[in-house]
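Here is a short report for a first look at this structure. Keep the sequence and the 3D view at hand while reading.

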Amino acid sequence: TLNEKTCRNFESVHYRKDGTEMLMDINAAPVVYKGRPAILSINRDITRRKQMEETIREMAYRDSLTGLPNRRLLAERAAAALATSELRHVSCAVLAVDLDGFKDINDQYGHEVGDLMLREIAVRLTRVMRPQDTVARRGGDEFAVLAPDVGARLEVEKITLRLLQAISQPVILPGEALGEAAGTLPPLTVSASIGVALAPEQGRDLERLLQLADLAMYDAKLRGKNRFAFAHNAGLPNNVTPLV
């Protein structure tokens, strides 16, 4: 600042005496103080503003019920993953996941139970995926999975089987979450139908791949549920594989 004799504005992390972070907005300007060059620095604590900005960002990119990425964040990550898949000549899988039997549970036990089920399923899906994968909620009981950098088709099958197995495990809802009603609830079980589309072989944009994955998912559902299917390039699913 002194050498260039120009004003500077930047952000910097400081620490309070208790060790907590404080984000500062710093404006520094060269001045003359008692006849000598000096810097006048105006520092503003913008910690709360940044926290609010992050909250707004989370609301824009996250599903409010499950905390999973929403369609917008999925689209952003897919754009980067699909571009990379073409450059590196590796496949990227897009999975459409639809729960089987969820509507019956929602109708019988109510939306509060249904919401808790969706949260639990979201945790399970995230837990069995790789760090580089994205699990997103599309709405209702529909999810999408973006799995970049997958090798052989067998690797995609293993990923899909892990998802099916995780979803099909009984859900025991915590008593404190539902009060007295929890004591009367049996373990609840749902399954899933999953459709799989591969990029760049079957498409180079997320919407096309989701359409193909949806078609494959519907076919898996029609053939007995609790299974997955790969999509053809033409959009017709094949190789419907049940959970063994």
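## The model

This is a predicted model. Residue numbers start from 1 along each chain.

Start with strand 4, residues 91-100. Of its 10 residues, 10 are buried, so strand 4 is largely enclosed by the rest of the structure. Both faces are covered. One side carries Ser91, Ala93, Leu95, Val97 and Leu99. The other carries Cys92, Val94, Ala96, Asp98 and Asp100.

Strand 4 pairs with two strands listed here. With strand 6, residues 142-150, the pairing is antiparallel and spans 7 bridges. Leucine 95 has valine 145 of strand 6 as its bridge partner. With strand 7, residues 191-199, strand 4 also runs antiparallel, joined by 9 bridges. There, cysteine 92 stands opposite alanine 199.

## Helix 4

Helix 4 covers residues 111-128, which is 18 residues. From its first C-alpha to its last, helix 4 reaches 26 Å. That is close to the 26 Å expected at 1.5 Å a residue.

Several residues of helix 4 are buried. Among them are Val113, Leu116, Leu118, Ile121 and Leu125. Arg124 is buried too.

## A nonpolar surface patch

Turn to the surface. Val31, Tyr33, Leu40 and Ile42 form a nonpolar patch there. Together they have about 370 Å² of accessible area. Strand 2 (21-33) and strand 3 (36-45) each supply at least two residues of the patch.

Take valine 31 as one member. Valine 31 lies in strand 2. Its relative accessibility is 32%, so valine 31 counts as partly exposed.

Side chains of opposite charge can pair when their charged atoms come close. The count of salt bridges in this model is 16.

One of them joins lysine 50 and glutamate 11, whose closest N and O atoms are 3.3 Å apart. Lysine 50 lies in helix 1 (residues 47-61) and glutamate 11 in strand 1 (residues 8-15), so the pair ties together parts that are 39 residues apart in sequence. Lysine 50 is partly exposed, with a relative accessible area of 26%. Glutamate 11 is partly exposed as well, at 41%.

Lysine 221 forms a salt bridge with aspartate 100. The closest N and O atoms of this pair are 2.5 Å apart. Lysine 221 sits in helix 7 (residues 206-222) and aspartate 100 in strand 4, so the pair ties together parts that are 121 residues apart in sequence. Aspartate 100 is buried, with a relative accessible area of 6%.

Aspartate 214 forms a salt bridge with arginine 138, with the closest N and O atoms 2.8 Å apart. This pair links distant parts of the chain: aspartate 214 is in helix 7, arginine 138 is in strand 5, and they are 76 residues apart. Both aspartate 214 and arginine 138 are buried.

## A network and a buried arginine

Some salt bridges share partners. They join Glu11, Arg49, Lys50 and Glu53 into one network.

Strand 5, residues 134-139, holds arginine 138. Its relative accessible area is 16%, and arginine 138 is buried. What is arginine 138 in contact with, leaving aside its neighbours within four places in sequence? The contacts are Arg71, Ala96, Phe143, Ala144, Leu210 and Asp214.

Definitions and conventions:
This is a predicted model: local features need pLDDT of at least 70, side-chain atom pairs count only at pLDDT 80 or more; totals for chains, interfaces and linings use all residues. Side-chain values use heavy atoms; hydrogens and water are left out. Buried means under 20% relative accessible area, exposed over 50%, partly exposed in between (1.4 Å probe, protein chains only). Helices (H or I, at least four residues) and strands (E, at least two) are DSSP runs, numbered from the N terminus. Two strands pair if DSSP finds at least two bridges between them. Contact means heavy atoms within 4.5 Å. The expected span of a helix is 1.5 Å times one less than its number of residues. Patches are made of residues with over 30% relative accessible area and no salt bridge: like charges are joined within 9 Å, nonpolar side chains (Val, Leu, Ile, Met, Phe, Trp, Tyr) within 5 Å. Accessible areas come from the Shrake-Rupley method with a 1.4 Å probe; for residues, only the protein chains shown count as cover. A salt bridge is a side-chain nitrogen of Lys or Arg within 4 Å of a carboxyl oxygen of Asp or Glu.
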